[in-house]
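Student: Please take a close look at the nonpolar core of this chain and describe how the rest of the chain relates to it.

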Amino acid sequence: MKRTVLIAALVTALAAALPAVAATPVFKGTVGPGFTISMASKPKVAGKTKLVISDKADSHNFHLTGPGVNVKTSVPAEGTTTFTVTLKKGTYKFICDPHPFMKGSFTIK
């Protein structure tokens, strides 16, 4: 009887922990105001990732490229855009297309 209760408790604990492990990580990026582009923190591991981009200027965009990824916000638009991408090993670069001196990067190992 004790063994059955212990197994049931273990299964319940694992089931409760599974959604937390499977959650897609979220990273935030910002472009504008002014001539700024950044990511608050940058991904470090491969896998499915959500990018929430806050575009605060209609003269800029946020364009991310890398292995298998090419996503961007629109230049005349402002607002928040969410992309779900699958990151692989390699280097990813983000840039403002109209102002290429606004740039950054991160590497997945």
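Tutor: Contact here means heavy atoms within 4.5 Å. This is a predicted model, in which local features need pLDDT of at least 70 and side-chain atom pairs count only at pLDDT 80 or more, while totals for chains, interfaces and linings use all residues. Residues are numbered from 1 along each chain as its sequence is written, and side-chain values use heavy atoms, with hydrogens and water left out.

Of the contacts in the chain with a separation of 6 or more, 55% are between residues 24 or more positions apart. The chain has 1 helix and 8 strands, in the order α-β-β-β-β-β-β-β-β from the N terminus; helices (H or I, at least four residues) and strands (E, at least two) are DSSP runs, numbered from the N terminus.

Buried means under 20% relative accessible area, exposed over 50%, and partly exposed in between (1.4 Å probe, protein chains only). By that cut-off, 29% of the 109 residues are buried.

A nonpolar core is a set of buried Ala, Val, Leu, Ile, Met, Phe, Trp, Tyr and Cys residues joined through side-chain atoms within 4.5 Å. The largest one has 19 residues, and Leu51, Phe62, Leu64 and Phe106 touch the most other members. Strands that each supply at least two residues of this core include E1 (26-31), E3 (47-55) and E8 (99-108).

Phe62, leaving aside its neighbours within four places in sequence, is in contact with residues including Val31, Ile37, Met39, Ile53, Val71 and Phe94.

In the loop between E1 and E2 lies Pro33. The peptide bond from Gly32 to Pro33 is cis, with omega near -5°; most peptide bonds are trans.
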